[in-house]
Amino acid sequence: MERRTLLKTALAALLVPAAARAAAPAIQVFKTPSCGCCHAWVDHLRENGFTVKATDVEDTAPYRSKYKVPNELASCHTGVVAGYALEGHVPAADIKRLLAERPKAYGLAVPRMPMGSPGMEGDRKDPFDVILIRQDGKHAVYRHYGA
């Protein structure tokens, strides 16, 4: 009986990571076809366990508007996951935190395209903030990344 229990436990341990990945919601990304950093951000999401459906569009502004991303938080692509907007180069860790906490918010944004953010890696690393877009029309720093 002990051996059977051990085998069941081992099998369960192997299946949990696969089940957790399968349960992760997919991220829909709207981007322009020529945006190289958008492709790099999509790669970052996939490397961190997300399923991503990337759609090339002529203009991402209508998607920002549809998902309530203020113009001052605009970047080069807009994603959507579980009803939340993801504007710009939001790190996968912050998306996972958002999905775990489920705050009353429209989503997260990393305005502009800061060097060192996911998809914008290079020789330089600038500090940047991940911004929580609250439903009351205000926004707040969700996480700060130093240089």
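Author: Buried means under 20% relative accessible area, exposed means over 50%, and partly exposed lies in between. The model here is predicted.

Reader: Is Asp136 buried or partly exposed?

Author: Asp136 has a relative accessible area of 49%. Buried needs a value under 20%, and exposed needs one over 50%. Therefore Asp136 is partly exposed.

Reader: Which residue forms a salt bridge with Asp136?

Author: The closest N and O atoms of this pair are 2.6 Å apart. A salt bridge needs a side-chain nitrogen of Lys or Arg within 4 Å of a carboxyl oxygen. The partner of Asp136 is Arg134.

Reader: How many residues apart in sequence are Asp94 and Arg143?

Author: Asp94 and Arg143 form a salt bridge, with closest N and O atoms 3.8 Å apart. Asp94 is buried at 1% relative accessibility, whereas Arg143 is partly exposed at 36%. Asp94 lies in helix H4 and Arg143 in strand S7, so the pair ties together parts whose separation in sequence is 49 residues.

Reader: How many salt bridges are found in the whole structure?

Author: Among them is the pair of Arg124 and Asp126, with closest N and O atoms 2.9 Å apart. Asp126 is partly exposed, at 23%. A search of the whole structure gives a count of 6.

Reader: Which cysteine does a disulfide join to Cys35?

Author: A disulfide needs two cysteine sulfur atoms within 2.5 Å. For this pair the S to S distance is 2.5 Å. The link is right-handed, with 75° about the S-S bond. The partner of Cys35 is Cys38.

Reader: Where is the nearest cysteine sulfur to Cys37, which is in no disulfide?

Author: Cys37 is buried, at 12% relative accessibility. A disulfide needs sulfurs within 2.5 Å. The nearest cysteine sulfur to Cys37 is 3.5 Å away, and it belongs to Cys35.

Reader: Which element gives the most to the largest nonpolar core?

Author: The largest nonpolar core has 23 residues, and Ile27, Leu45 and Ile95 are among those with the most contacts inside it. Elements that give two or more residues include strand S1, helix H2 and strand S5. The top contribution is 4 residues, from H4.

Reader: Which residues does Ile95 touch, not counting those up to four places away in sequence?

Author: Ile95 is among the residues with the most contacts inside the largest nonpolar core. Contact requires heavy atoms within 4.5 Å. Leaving out residues up to four places away in sequence, Ile95 touches Ile27, Trp41, Leu45, Phe50, Val81, Leu86, Val90 and Leu108.

Technical notes. Residues numbered from 1 in each chain as written. Predicted model: local features only at pLDDT ≥ 70, side-chain atom pairs only at ≥ 80, totals over all residues. Heavy atoms only, no water. Buried < 20%, exposed > 50% of the residue type's maximum accessible area, 1.4 Å probe, protein only. Core = buried A, V, L, I, M, F, W, Y, C linked by side-chain atoms within 4.5 Å.
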